[in-house]
Every structure is written in structure tokens, then in C-alpha cells.
Amino acid sequence: MSTKQKRYFLSEDEIPTQWYNIQADMVNKPLPPIHPATKQPLNAEDLYPIFAKELCHQELDKENAWIDIPEEVLEKYKYYRSTPLVRAYGLEEAIGTKCHIYFKNESVSPVGSHKLNSALAQAYYCKQEGITNVTTETGAGQWGCALSYAAKVFGLDAAVYQVKISYEQKPYRRSIMQTYGAQVTPSPSMSTRAGKDVLTKDPNNQGSLGTAISEAVELAMTTPNCKYVLGSVLNHVALHQTIIGLEAEKQMEKAGEYPDVVIGCFGGGSNFGGISFPFMRHKIKDGKNTRFVAAEPASCPKLTRGVFQYDFGDLSGLTPLLPMYTLGHNFMPANIHAGGLRYHGAGMIISQLLKDGLMEAVDIKQSETFKAGLLFSKAEGIIPAPESCHAIAAAINEAKKYDEAGEEKVILFNLSGHGLIDMTAYDQYLAGSLQDYEVTDEDVAKNIAELEKVI
């Protein structure tokens with residue numbers, strides 16, 4: 001481990017007081033979400049039965065580039081923000097690169113990941129509307145933990161559907177949610193029509209985020225004074241996460257550098273959008289030549305091998321139809337340990353940005369990500385979450401490519417969470433029993449062929 005250590009923080013009065021809405025600056029705006037029954041573009045009122053009203057308006061806002069962070073949310077942010085920007089001297093030495101590598105350390109939040117940034121905001125807006133109950137889904141459990149904590153902070157009751165394979169792989173995340181007072185149910189379950197339908201067809205089904213979303217949405221729509229909240233994919237979630245990149249922008253200025261490459265792991269887009277959108281506005285508006293790289297698992301490669309079309313955000317078709325890169329809402333991903341990345345589609349904003357060539361995507365095998373995570377742990381002393389290992393692996397690969405080309409670049413990635421509750425996965429990697437999963441072209445083509453061609 002390097003003896004050097006350089007961390008950059010912001011003072012309390014330097015913490016951003018607004019979120020950044022990239023939709024306002026995009027040349028090609030995202031296509032509108034569509035009502036599944038009428039096939040007409042949605043308006044905010046169409047979403048009121050599912051989400052808090054203010055979140056519905058944030059979701060569809062394509063005019064206002066800056067959204068004020070409510071004072072009560074900002075006060076909660078100050079418990080753990082700003083998070084440090086760290087120059088990764090140890091990682092640089094370990095791989096022998098001349099590139100400068102920085103990471104934004106979101107693992108220092110009370111729940112150990114970036115997810116709290118949006119959980120606090122969504123819980124606040126629900127509370128302001130007089131909502132008493134919230135329901136959600138979670139994969140690996142980072143979002144479920146964040147929402148459970150945020151619900152307790154604002155005096156709400158929370159019900160969480162956790163993807164069954166993660167419920168079994170990561171029992172301590174389930175315990176954390178229950179410690180905060182949430183009701184946690186493995187998905188698919190027999191408590192909803194959506195869950196029963198899945199288990200009737202496949203009694204041993206280990207679940208997916210699409211299935212868990214269906215169960216959570218169904219519960220929200222059938223429970224009085226209850227709203228659904230979501231941890232990724234949707235525009236308003238990425239909006240709240242831009243606090244990450246806005247802080248990083250100020251911190252990079254303190255470091256006297258500007259990133260040539262910005263990297264985030266990719267499941268639905270909240271983490272990647274959070275670190276990249278504030279920097280991407282300079283590419284859109286000022287012509288900055290920064291590259292943006294989303295790192296997804298090879299077992300769930302919607303950005304690198306999916307198709308761009310309208311699709312449901314959940315398995316049962318309860319959500320609006322979203323314009324996205326997708327593997328199909330009925331796609332059942334392999335049981336990798338990066339449970340937060342096992343989602344069939346990409347957010348609308350990121351899908352449009354990828355379509356327009358403003359960003360790139362890479363898919364990485366599970367074993368390669370854990371190899372990178374182990375190297376990072378030894379070099380920097382932080383054990384990263386399996387999701388974050390994808391960003392680390394991508395950062396290492398970028399540095400090596402630039403070294404081979406004789407170029408010294410500045411690389412920034414988001415360390416979205418720690419892996420201290422993911423040690424079972426590390427045990428399997430160290431024992432040599434961790435498997436790689438890849439999707440065949442035939443599987444992708446078959447799944448896509450089953451989708452309804454709305455547009």
C-alpha cells in the first residue's frame with residue numbers, strides 16, 4: 001500500500017445546494033415514457049398513483065437545469081457529505097501506471113453506499129405529501145438499506161422486496177434493513193399476484209430486479225397512503241445522485257486537475273449518472289473532450305448488447321413503457337454477486353446519451369472484477385462492493401491502454417459502496433469457485449424477439 005494519501009473535501013458552505021438536471025441541456029431529449037394502455041406519452045399526473053407528486057414532475061422536467069435541494073434534505077446530507085475525493089496513489093503504484101487515478105468515495109455514507117443520496121430525497125417528498133408507507137425493491141441490498149434508513153429518518157413505514165438470490169447470499173443486508181425497521185420479503189413471493197405468477201411457472205425461481213419491481217409496485221397500488229420509490233433507472237433518481245459529480249467537480253478543481261475519463265459501474269444508471277452528468281454538461285455545452293465509460297457485467301449486458309426500444313421497467317408490465325437499451329423485461333440474469341447490476345434495462349437519459357455517442361459502455365466478466373477489487377483492497381485499504389469492482393476494473397483497463405499509447409491521462413471513477421457485507425463473494429473468489437457467466441447471442445436475440453414493438 002502506498003504511503004502517500006491525498007484526499008479532498010468540501011467545507012459545509014461549499015456543498016452543492018442544487019441538483020443538476022442534464023435533460024435541460026441535452027440536444028436530443030429522451031423520448032417520452034408511454035402509457036402502456038393508451039400508447040400515448042405520459043404526463044406527470046399519470047404517475048401520481050405510483051410516485052410522490054414532486055418526483056413525478058422531476059421525472060419529466062426537461063426545462064430546468066438546476067433543481068433546489070430542499071433544506072431538510074440538505075441538512076441530512078451534511079451528516080456525511082462531502083464525501084472524499086481520493087488520489088489513488090496505491091492503485092497507481094500497484095499497476096505501474098503514469099495516469100493519475102482518482103475515486104469518489106461514496107462508501108462513507110451511513111449505509112455504506114451512494115444510494116442514500118436519493119433515498120433521503122424520495123422519503124422527504126413522500127413525507128411532505130402526507131404519505132405514511134413506502135415500498136421498493138432491492139437487488140444486493142444497498143438501495144433497500146438506504147431506503148429503510150431514510151424511511152426511519154422521516155417517520156415512514158418501509159416494505160422491501162429483495163431479489164431472492166441476494167436475500168440468501170447477503171443475509172446481513174437483510175438484517176440491516178430490518179434493524180432500521182423495514183419489512184423485508186424475498187422476491188418472488190406469494191404475497192403478490194406478480195410473485196405468484198412467477199412461482200407458478202418456476203417454483204425455484206431465484207428472482208430478478210424486474211420481478212421485485214413488479215411486486216413492489218403492486219403493493220404500492222393496493223395499499224392505502226403508500227407510494228413506490230425506486231433506487232435507479234428513472235430520471236429523478238439520477239438527478240438526486242448528481243450531488244456526487246457536482247462535489248467531485250469542485251474537488252478536482254482543488255486537486256488542480258480535470259478528468260479525461262469518468263467511469264461508473266452500471267446497473268440502471270443512478271451511480272453512473274451521478275458521477276458523470278455534471279462533467280458531461282461541459283462536453284455538451286463547452287465541447288470538453290472527456291470520455292464517459294459505463295462498466296456493466298458480462299452476464300447482463302444491456303448497453304453493449306441490448307437493443308434500443310420501448311420496454312417495461314418490470315417483469316409484469318405494471319410500469320410505463322420506457323425508451324431504453326434493454327435485454328427484454330423478461331430477461332432473467334445469472335446469479336452474480338453484483339446484485340445491484342442485475343437489471344434488464346438502462347435509464348432513459350443514459351440510453352439517449354449512448355445512442356448519441358456521448359458515452360461508451362464496456363462489459364466485464366465477474367472474475368475480472370473481483371481480481372480488480374482484490375488489487376484495490378490491497379493497494380488502498382478499502383474492500384469495494386462487487387458492483388464497484390466493475391468501475392475499478394474499467395479504470396485499470398483504461399490506465400493500461402493509455403500507458404501502452406504513451407499517454408498520461410486523468411481518470412476518475414465512483415467507488416459507489418464498500419463490500420464489507422459481501423465477503424461471501426470474496427471467499428468464493430479466493431477459493432477459486434467463483435463462476436463467470438456470459439449471455440449468448442442466441443439468448444439475447446430470443447429474448448428481444450418476444451418484446452412488443454411499440455415504436
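1. A salt bridge is a side-chain nitrogen of Lys or Arg within 4 Å of a carboxyl oxygen of Asp or Glu. In this predicted model, E137 is buried and has no such bridge. The nearest side chain of opposite charge belongs to K115 and is 7.6 Å away.

2. What does the side chain of E137 make a polar contact with? The partner is the side chain of Y228, at 2.5 Å. E137 itself belongs to strand β6, which covers residues 133-138. Leaving aside residues up to four places away in sequence, E137 touches several others, among them W143, V160, Y161, L209 and Y228. The list also includes V229, L230 and G231.

3. On one side of the account stands β4 (residues 85-87), joined to β5 by 3 bridges in an antiparallel arrangement. Within that pairing, L85 has K104 as its bridge partner in β5.

4. Strand β5 is also joined to β15 (residues 410-415), here by 6 bridges, and these two strands run parallel. One of the pairs is H100 with V410, the latter lying in β15.

5. P16 is found in the loop between β1 (6-8) and β2 (18-20). Is P16 buried or exposed? P16 is buried, because its relative accessible area is 7%, and buried means under 20%. Beyond residues up to four places away in sequence, P16 touches L10, I69, L74, I243, L246, E247 and K250. The C-alpha atoms of P16 and D403 are separated by 35 Å, and the two residues are 387 residues apart along the chain.

How values were computed
Residues numbered from 1 in each chain as written. Predicted model: local features only at pLDDT ≥ 70, side-chain atom pairs only at ≥ 80, totals over all residues. Heavy atoms only, no water. Helix = DSSP H or I, 4+ residues; strand = E, 2+ residues; numbered from the N terminus. Buried < 20%, exposed > 50% of the residue type's maximum accessible area, 1.4 Å probe, protein only. Lys, Arg positive; Asp, Glu negative; His and termini not counted. Polar contact = N/O pair within 3.5 Å; in protein donor to acceptor, adjacent residues only side chain to side chain. Contact = heavy atoms within 4.5 Å. Pairing = 2+ DSSP bridges.
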